[in-house]
Amino acid sequence: SVSVGCSWRLSSVNQPLISSLTYKGRSSFTANQFVELPTMTSSFLFSIVLLLGELSFLHGGTGGTGGLSDIYDSPVHTAGVYNLPEHARGEHIYPEFVPAHSGNVTAALGKTALLNCRVRNVANRTVSWIRHKDTLLLAIGRYTYTSDYRFKAIHKVMSEDYLLQIRPVKRDDAGLYECQVSSTPPLSHHIYLNVAEPYTEIFGGSEIYLDEGSMMNITCLVKDSPQPPNYIFWYHNDKSITYESPRGGVSQITEKGDVTVSYLLVQSARLTDSGRYRCQPSVGQPAVTNLHVIRGKDPEKWLPNCGACQHISITLALVFAWFGAINLM
């Protein structure tokens, strides 16, 4: 940089007038004089000395060559330096993405998708989210810029994570999303959102037939889910199945994996167990089947097993015995 220092001491008559000028760290003009003139004459000489000093700078005096721009204390502009990208200037720590925490995302249809972009050394720059297929600006920092209420920008102060939340996810939300840092030139990282549609089915189809008194086993499969469902509920005729109901003998076993399987087990199927059964996972659509419990061939199983009904069984036995005696005649 260029610096010019001027110091003057102008006193009354018969006092020394001392002046000095410094140009680029070197003395270009020094005057140590005792001037015995009236105050007005000293002021006039002051102006002449200052003028001579400036002319020395303009025409390349003892301080060197230069122009008016060399006089001011301004930054040195080296040709081409400010046209270089930030990482080539060496002025600041350059921002960088962390791919391990900025990967592609698979979300279930109708649920929440959370895209994360981790950036280090952001400093005073901004991080934006852009939908690649239509270059729609979605968010900048913590502020959401789209009118679509399903999108939300999430960022905590001092955090390296810049998140974009989409809830609920639609099929046409699938595609590339760009995380962009406002550096020079801008830095971009692309994240692909895949929208999966889990499929639920009940093994055996929409109609299941079962003999009375046998073990009832209804199996529900959940496929193509990005992650196992958090829960699976069972319903009988639109009523939630409770495993502590007076019916008793009801249990559920769930095995989670790429294909999640849920087993509804009921001991000693009854006629009243017939009806519509629905398997409802936390992701995807429910699956439904109609269960038919078929009356057994043994007449003793046609009646409920209760102490109050024993006299009815005895009466029916006597009736059958009477008809049998008639047929023998």
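In strand β22, Val 288 is the bridge partner of Arg 278. This is a predicted model, where local features need pLDDT of at least 70 and side-chain atom pairs count only at pLDDT 80 or more, while totals for chains, interfaces and linings use all residues. Numbering starts from 1 along each chain as its sequence is written, and side-chain values use heavy atoms, with hydrogens and water left out.

Back to that pair: β21 (residues 275-281) and β22 (residues 287-294) run antiparallel, with five bridges joining them. Strands here are DSSP runs of E, at least two residues, numbered from the N terminus, and two strands pair if DSSP finds at least two bridges between them. β21 and β22 belong to an open, mixed sheet of five strands, ordered β15-β22-β21-β17-β18. β15 (207-211) and β18 (239-240) sit at its edges with a single partner strand each, so one side of each has no neighbour in the sheet.

β15 runs parallel to β22, again through five bridges, and Tyr 209 stands opposite His 292 of β22. Tyr 209 is on the uncovered face of β15 along with Glu 207 and Asp 211, whereas Ile 208 and Leu 210 make up the covered one.

The other sheet is open and mixed too, with six strands in the order β5-β13-β12-β7-β8-β9. Its edges are β5 (105-108) and β9 (143-144); each has a single partner strand, so one side of each is left without a neighbour in the sheet. Inside it, β7 (residues 127-131) and β8 run antiparallel, joined by four bridges, and Arg 131 has Leu 136 in β8 as its bridge partner.

β8 (residues 136-140) also holds Leu 137, which is partly exposed because its relative accessibility is 32% (buried is under 20%, exposed over 50%, partly exposed in between, using a 1.4 Å probe and protein chains only).

Now for the backbone. Most residues other than glycine have a negative phi, and most peptide bonds are trans.

| Site | Value | Where |
|---|---|---|
| Arg 167 and Pro 168, cis | omega about -5 degrees | Pro 168: loop between β11 (161-166) and β12 (175-181) |
| Thr 184 and Pro 185, cis | omega about -5 degrees | Pro 185: loop between β12 and β13 (187-196) |

Asn 121 is partly exposed at 32% relative accessible area, while Ala 123 counts as exposed at 68%.
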